[in-house]
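Please look through the structure below before reading on.

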Amino acid sequence: QLQLVESGGDMVQPGGSLRLSCVVSKLRMEDYAIGWFRQAPGKEREAVSYIKNDGASTYYKDSVKGRFTISRDNAKNTVYLQMNSLKSEDTARYYCAAGRGVPWTMTWAYDYWGQGTQVTVSS
């Protein structure tokens, strides 16, 4: 079974940057699209970004376009989410997920999930 482990979450000030990593193990990562989701307390889990299995297509939630960049290194079994110009509203627990990812914004489109990493943006 696929295993996903996120890391890189931290507390940063508004305007700061973080890079999240999602390490995939136990199966071929290149067979799966990867999505990043986030969930803030009291809110539903929402899709943030997506990358196709071959990296040819990427999608972003409107509010993070131009600030976040998703990438993947299949040789290292790792997907990254570079987050710049962070805002307080980006505060959430961030999860990576693997699956077909169609449609990319829906949690049910992914079969495997990590445990998440906490991102807190506060002054």
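**A walk through the model**

Tyr-59 has a relative accessible area of 39%, so Tyr-59 is partly exposed. The terms used here are buried for under 20% relative accessible area, exposed for over 50%, and partly exposed in between, with a 1.4 Å probe and protein chains only. The model is predicted: local features need pLDDT of at least 70, side-chain atom pairs count only at pLDDT 80 or more, and totals for chains, interfaces and linings use all residues. Residues are numbered from 1 along each chain as its sequence is written, and side-chain values use heavy atoms, with hydrogens and water left out.

Next comes the sheet. Strands of a sheet pair through backbone hydrogen bonds, either parallel or antiparallel. Here an open sheet of four strands runs in the order E1-E3-E8-E7, and the pairing is antiparallel. Its edge strands, each pairing on one side only, are strand E1 (3-7) and strand E7 (68-73). On average, neighbouring strands of this sheet are turned by 15° against each other, direction ignored. That angle is taken between axes, which are lines fitted to C-alpha atoms (for helices over the stretch in contact), and angles run from 0 to 180 degrees between N-to-C directions. Strands (E, at least two residues) and helices (H or I, at least four) are DSSP runs numbered from the N terminus, and two strands pair if DSSP finds at least two bridges between them.

Five bridges join E1 and strand E3 (residues 18-25) in the antiparallel sense. Within this pairing, Ser-7 stands opposite Ser-21 in E3. Ser-21 has 13% relative accessibility and therefore counts as buried. Leaving aside residues up to four places away in sequence, Ser-21 touches Val-5, Glu-6, Ser-7, Trp-36, Thr-78, Val-79 and Tyr-80. Contact means heavy atoms within 4.5 Å.

Which two cysteines form a disulfide? They are Cys-22 and Cys-96, with sulfur atoms 2.1 Å apart. The pair links distant parts of the chain, since Cys-22 is in strand E3 and Cys-96 in strand E9 (residues 92-99), 74 residues apart. A disulfide is a covalent bond between the sulfur atoms of two cysteines. In this model it is counted when the two sulfur atoms are within 2.5 Å, and by this rule the count comes to one disulfide. The link of Cys-22 and Cys-96 is right-handed, with 70° about the S-S bond. Both Cys-22 and Cys-96 are buried.

The aromatic rings come next. The structure holds seven aromatic pairs. Rings of Phe, Tyr and Trp (its six-membered ring) pair if their centres lie within 6.5 Å; planes under 30 degrees apart count as stacked, over 60 as edge-to-face, and the rest as tilted. One of the pairs is tilted: Tyr-50 and Trp-104, at 6.4 Å centre to centre and 50° between the planes. Tyr-50 lies in strand E5 (residues 46-51) and Trp-104 in the loop between E9 and strand E10 (110-113), so this pair ties together parts that are 54 residues apart in sequence. Tyr-50 and Trp-104 are both buried.

Trp-104 also pairs with Tyr-59, and that pair is stacked, at 5.9 Å centre to centre and 25° between the planes. Tyr-59 lies in strand E6 (residues 58-60), 45 residues from Trp-104. Elsewhere, ring pairs link Phe-37, Tyr-110 and Trp-113 into a cluster.

Two arginines also lie over rings. The charged end of Arg-45 sits over the ring of Tyr-95, 3.8 Å from its centre, and Arg-100 lies over the face of Tyr-32, 5.7 Å from the ring centre. A charge sits over a ring if NZ of Lys or CZ of Arg is within 6 Å of the ring centre and within 35 degrees of the ring normal.
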